Amino acid sequence: MSLIEVTDLSVDFGSVRAVDKVSFTLEPGAALGVVGESGSGKSTVAYALLGLHRGTGASVAGAVEVAGVDVAAASDPELRALRGGKAAMVFQDPLSALDPYYAVGDQIAEVYRVHRKVSRRAARARAVEVLDRVGIADAARRSRSRPHEFSGGMRQRALIAMALACEPRVLIADEPTTALDVTVQAQILDLLHELRAETGLGLLLVTHDVGVAAESVDDILVMRHGKVVERGPVGEVLAAPSQAYTRELLAAVPRIEGAGRASVPGPRFEAEAAAPAGAGEPVLEARDLRKVYGKRAKAFTAVDGVSVAVHAGETLGIVGESGSGKTTLGRMLVGLLAPDGGSVSRTAEVQMVFQDPGSALNPRRSIGESIADPLRARGEKDEGRIRARVDELLVRVGLEAAHYDRYPHEFSGGQRQRVCIARALAPSPRLIVCDEPVSSLDVTTQAQVLDLLDELRRELGLALVFIAHDLAVVRQVSDRVAVMRRGRVVESGTVAEVYGAPQDPYTKQLLAAVPALDPSAAALRRSERRELAEVA
Amino acid sequence: MTEALLVKEAGAVQAAPASGARSFWRRLRTQRAALAAAVVVALLVLVALAAPLLTALAGQDPNAYHPEAVDSAAGGVPLGSFGGIGAEHWLGVEPGTGRDLFARIVYGARVSLGVALFATVVQLALGVTLGLAAALGNRWVDQAISRFTDVVVALPLMVMALALLAIVPQSVPRPVLIAVVVGLVGWSGTSKVVRAQALALKSLDHVAAARLSGWSTWRIARRELLPSLAAPVITYGALLVPANISVEAALSFLGIGIKPPTPSWGQMITEADTWYATAPTYLLIPASLLFVTVLSLTVLGEGVRVALDPRAESRLKVGAAKARMRKRSSR
Amino acid sequence: MTGFLLRRVGGALFVLFALSVLVYAVFYVAPGDVARIACGPRCSTAQIDQVSAQLRLDDPVYAQYWHFLQGIVAGRDYSTGTEIAHCGAPCLGFSYQSDQQVTELILAKLPVTASLVTGAFVLWIIIGVGTGVLSVWRRGRLSERVLTWLTLAGTATPVFVIGLLLIIVFCSTLAWLPFPQYVPLTEDPEQWMWNLLLPWFALALLESAKYARLTRSSMLETLAEDHVRTFRAFGVSERAILGRHALRGAVAPVIALSALDFGTMFGGAVLTESLFGIPGLARELVEAVRTVDLPVVVGLVLVIGFFVVLANTVADVLYAVADRRVVLA
Amino acid sequence: MSRISVISRRVAGASVSLVLAAGLAACAGPEDSSGGGGSGADGKPAKGGTLSVLNSNPQQDFDPARLYTSGGGNVPSLVFRTLTTRNREDGAPGAEVVPDLATDLGKPNKDATVWTYTLKEGLKYEDGAPITSADIKYGIERSFAAELSGGAPYLRDWLIGGADYEGPYKSKKGLDSIETPDERTIVFKLNKPEGEFPYLATQTQFAPVPKAKDKGTKYEEHPVSSGPYKVVKNENDGEHLVLERNEHWDPKTDEERKAYPDRIDVRSGLDSAVINQRLQASQGADAAAVTTDTNLGPAELAKVSGDKKLAERVGTGHFGYVNYLAFNPKVKPFDDPKVRQAISYAVNRSSVINAAGGSSLAEPATTFLPPQKSFGYTKYDHFPAGETGNADKAKELLKEAGHEDGLKIKLTHSTDKDFETSPEIATALQEALQKAGFTVELDGLESNDYSEKIHNVKSAPGLFLAHWGADWPSGGPFIAPIFDGRQIVKEGSGNYNAAELNDPAVNKEIDEINKLTDLDAAAARWGALDQKIGEQALTVPLFHPVYKRLYGKDIKNVVISDWTGVLDISQVSVK
């Protein structure tokens, strides 16, 4: 009997059909990846497996059987026995997925006691045991900590520990690594891999990241708009996708190895050849920048002695994990933050594109007005000229002039980011600092925005500072790269130097942590990581 | 922490989506209780505005004595049943003086509502100004304002009211003075809400973008912050109005509010308190009106809050995977 | 934490200092012939002058204030006529009206107000949090709507109306309870309770509405959070989720707000104290302001201010204790 | 005075203008409806039990030097015996002065400037020590100390050297005008004839204070008793007083105080509404409760009048008191007698009385003196306004005064709801005056502001609401402060002669009456003087208040004199 058997599952939220006739099975000990962009219905499917839509107003149709329980027909107690007992779920954001008010060990014990009639003490012991199992050092002591005292990776381990506590037969992981840094992500994926090997647990992995799926599952299910697009063994689907959408999706994924995206042809490299990095006149030079937050004992040095120079027409990539100080650096470069030490000299207008297009546009003003802002602030009074310039910019970033009077919420994330780019272009800057400009976008959208930025760079001779956590994205757009860690630049150089022959151990670690699209390459990486960890 | 609580009261911290006036009305309309409350409030305001007209219609004057309508020997208890309610005196008469209760109630509505509204305006104006200044000014401005707020919060309303009433010349109309007193004492909540909200908004990227555009701080406050502050401020204000009505009534009860012969509901209740046994309508009518008014305004305030708070709609929708689109925050 | 407390103490001292200066300044400009009121209605001019000199009213206002500050730091000696008595630091001076030491007067009134506030506090937490939890537990049902309207009605009724109704019903009509008259706890605990029962309820009914709303909204907010989904997904029952997780989310705000209200109530229960004739701080303050009894007013304002400031600090600390994620700054 | 709600009472407590506000005696007079005797079941008063006293005014100063009482007060009189005291009888006889510690009412010299008293034998303090004349002298002397201010002004004004004496704490010498030739004799030397000295000797300043026990301002915590009860508890500055029998008090030396209860429990500072509710309910300990300062308000009266059982427990009293409109002729147009007369004609006393609580709580007044024999009441109505005002006559006078087109005037009142100077009364007057062609602007002032303004010759308004009460039931203290030109106070806000009348004829007549030691003869002359002054229309008497007070079910032997208007707790029995 299959562990999970889903037949013609449909889920409707009001008039919106989130999942449309999805069927699949998961055999004991197997791993299935459900991959899709946002809005594809992949998480909704995962929720349906545990009957979590019950009582929320969503209507669920079709048959779902998990570990022998008919989820639709099960009574509330039966359902509760299934949840956590036979099938456990791990959620995306490990910070919010745990109750902030209770010790981690207590929370695991609480769940354990729901399913096993044991004493409080025994449940606590079990909690320590599973915490230890998922690799939390000094588990007995740490089990008394509250979630906020854990790092992101540890929280996710704790959540996995909670899932393991009752020895379920299947683990449903909903974007388990999305909120984590790439190195931590690798660790968690490795952990899942180990656990599976060890316990024969069935795994259903829901993710937007094809790379993550490639590393962890046997079979893959690609979803789009609530429907299954393609399914099959992971190697086959990734190597030879049969559907157009799958091909598109795969093509859009930036790659860490090789020559970058196939869709971007040569011109860029030609330009590079014509104007080697550092050849243009410098538009921005920062020396020994420092920024300290807080005071005395609580002082935290976000940026610690960073020097960068950006030349006309080039793209400088700045890559680093969360807390590396890359955003603080970016804000100092454009002048939004005053450095505590060092200096920034700008020879021309510098603008910025922000990470979250949702908050980067004033929701109460039309996008045209937002784009016109820099023009007006610079004293332009002629409404006709302003209008003409904004229209021109809108068209340039791939929108329509008629969009002038629309409000941000009428646009998709990618479109909003285009508006932000148009606003940054308005005062004709020579340099644009892009702070994670695509990290909140789906891969396909991400690719389009990256293309736009690249076009603009070439066309207008712009210099870009491209700040991102995603090594692949940075590699794809940059001429030179600086790797940041704990406020310092640990390594910098041309893309070829840094990615091809990393010198710093941290850079190596980062590169090894990037999931590979090819399952066999993934296995290789995994062993690489193990070696690196042993060396460290 | 107190700020956090107040902000919670006031509603959204996140910049609400551009829910224009239209969607506000749409959301307000869906709440039946709030709608009913709005009708009641509108009626009361109408009555207050039309006070001279209504009393003329009733053929009464709020200050005219009717010794013939009361039993002087029995302490001035109104003659006739139900406190003298009848064709002549629609709601009966005031014990002792025999003044027409309908006329006094109607004029009292003017004072009670007027004072509360004006006080709210004072509170919001002060609160928004000081809250914005604290959020946008440097550390010293912020410190100075928050210390000042602490002092005002710690100063008992009574002392402030009594002192101001004693100092300000009699030529200033009493209701205006009371409104200013209530306003001067009650702005700290608004200012804390505004400060917290403005600080939250200030860290949003569109404000940073506006700064990069080259706008001045003042212009940024006006264009980027104020519109987003409108929702919490309106929400908070809507809840302040009923509170202010109660405060005015309380001041009158303590004998330092509106002074007779000007009628106000609080003062009428105060004077009626001993008459509950012999002239119950004298107590019941203003007390229930006060109750209904405060209740309606509170319900309306709640309705406004819900209509302005985008979270109110999306709350409790488990499995709204869309909400978790933000992938990594890089700070 | 130490730094936080030091800063708070500094802030508190500043607030109290500012309050005393403010009160002095206000009373300096306010009308009211202090010496005449203190002396009595038919005093002669000469007598009033004597009283005025004795109360140091002839000194310039800053000198009076300086004297007041000295008293706080070093205490004061004073004459009862027959002997020299000492008013130990912190000496807040003497009532113009009754010659009582302000510190003594405050110490006499404090247990009264404390009795009122503490009892009401216990009641409003029980009623408020209980109602809040109940309305979440029964959400979507008729009983929730009834509870919502009841709490709204509670908010909408001025305390003097509630109080009056309680007196009419329980003392007059039903005669179940005595007309409230303060009996010290130390004298007769039972009578203390019976006499304070109505004032407690009057205050508590009003306040509990706020707590019901806060509890309810905090719980609903928590219920909408991700970790509740986690526990649902792990088979934890709805009751345990409400009782353990959702309620826990309401603890921090409820504790913080109650600390705040508890402190504020020391000077804020004017109406209740007046209505029920409870000789507490606030009522004394009203009286003192009327008789222009500056030392008493300043003393009471300082004590009440102290409680407010204390309450703010305690609220912050408790909030941080209840919610460890919060960093005190 | 009678108040309804908490605050309005408090307001009055603070009002300086209320002559007698501070003490207990300030209120009420008698004519007990049930005609004296107990209203209890068997009527026979007996010893024992606890009497509860529920009062609204604070009892902060329980020091005989600081109390401002009429006739020694009610509660204070249980502890402090004085040279003379009031006659504890119902009605008019109760307005007489009788000996207390002294053997008689005092022996005056020929022109009534020297008064000699002899103490009874066997008088003792609560500790058994004998009461001496030196203690009485000391008691009076200490009332001159600034620390112990608060008493009535007469001693200061009458005793030779009184005006400059600063009390025993500052000047060790003592007051020479009081002599104590032996332990039982005390002699007072006055700077002018004062035939009413025996009345003055009823005030608590005439209570003995043993010098050794004097603790200055702290004496009030435990004053040494000379009366039938001693203080065993004084909590929170007079909020709760407990009195118990003073075993050393000898009833044989005291014909006035009956002292039936064993224990008296006095609560002060209660809410007046609550006091009345408790007395109505009369449950438990409240069955043996009385109030000495809280009248029934109009609303409570309305309730009581509808309930026979309750009505039986109401004591009605009259206290010498008048509420009036005061003119300040220095302010135009009130310099014109015709204008003042026009206003006198125009007032509508019936609506004023309604605003003051109705006809059961106020009686119309056309004379300044209260309608009681001891004041020398002489009926007159110089400007008859009838019940509701004579607008025609007023208009006529206005026309004569040259204001045929009407006249704009300002009426000053306090903003407190006190049934005395409150806006309701002002509005009633405004309405009536408007019918007579006046345009009246109401000027409401905060109580402190109000009393400061109206009692200061520099700021006194032209027309304002005022009231006056008796320090003892005689014309002297009633008329002289208001109309004696030598009592005008030019500095500060202590002037009560608002009209600033300084008429040599009036002054002379006052002096003449003061020489009389025959109090009945003096009373007649006061009445005549009142009638005479009334012709000048310097005041418009409005009403004399009537006091109605509830007492508990178990209260027997209710005695309400015309002196205090309050049931006398020294006569009450609870068994």
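How many residues does the contact take from chain B and from chain D?

## Where chains B and D meet

In this predicted model, chain B brings 30 residues to the contact, and chain D brings 37 residues. On the chain B side, the elements that give two or more residues are α7 (157-167) and α12 (265-272).

Sorted by class, the side of chain B that touches chain D has 15 nonpolar, 12 polar and 3 charged residues.

## The two domains of chain C

Let's turn to chain C, which is divided into domain 1 (11-87) and domain 2 (105-328). Their C-alpha centres are 36 Å apart. The contact between them takes 11 residues from domain 1 and 10 residues from domain 2.

On the domain 1 side, α1 (2-29) and α2 (34-39) of chain C are the elements that give two or more residues. Of these, α1(C) gives the most, with 8 residues. That side of domain 1 divides into 9 nonpolar, 2 polar and no charged residues.

## A closer look at Y112(A)

Is Y112(A) buried or exposed? Y112(A) is buried, because 24 other C-beta atoms lie within 10 Å, and 20 or more are needed for that label.

Leaving aside residues up to four places away in sequence, Y112(A) touches A123(A), R126(A), A127(A), A165(A) and C166(A). Take A123(A) as one of these partners: Y112(A) and A123(A) are 11 residues apart in sequence, and their C-alpha atoms are 6.2 Å apart in space.

Methods: Residues numbered from 1 in each chain as written. Chains lettered and ligands numbered in written order. Predicted model: local features only at pLDDT ≥ 70, side-chain atom pairs only at ≥ 80, totals over all residues. Contact = placed C-beta atoms within 7 Å. Helix = DSSP H or I, 4+ residues; strand = E, 2+ residues; numbered from the N terminus. Nonpolar A, V, L, I, M, F, W, Y, C, P; charged D, E, K, R; others polar. Buried ≥ 20, exposed ≤ 12 C-beta atoms within 10 Å, placed from the backbone. Domains from an automatic or database assignment.
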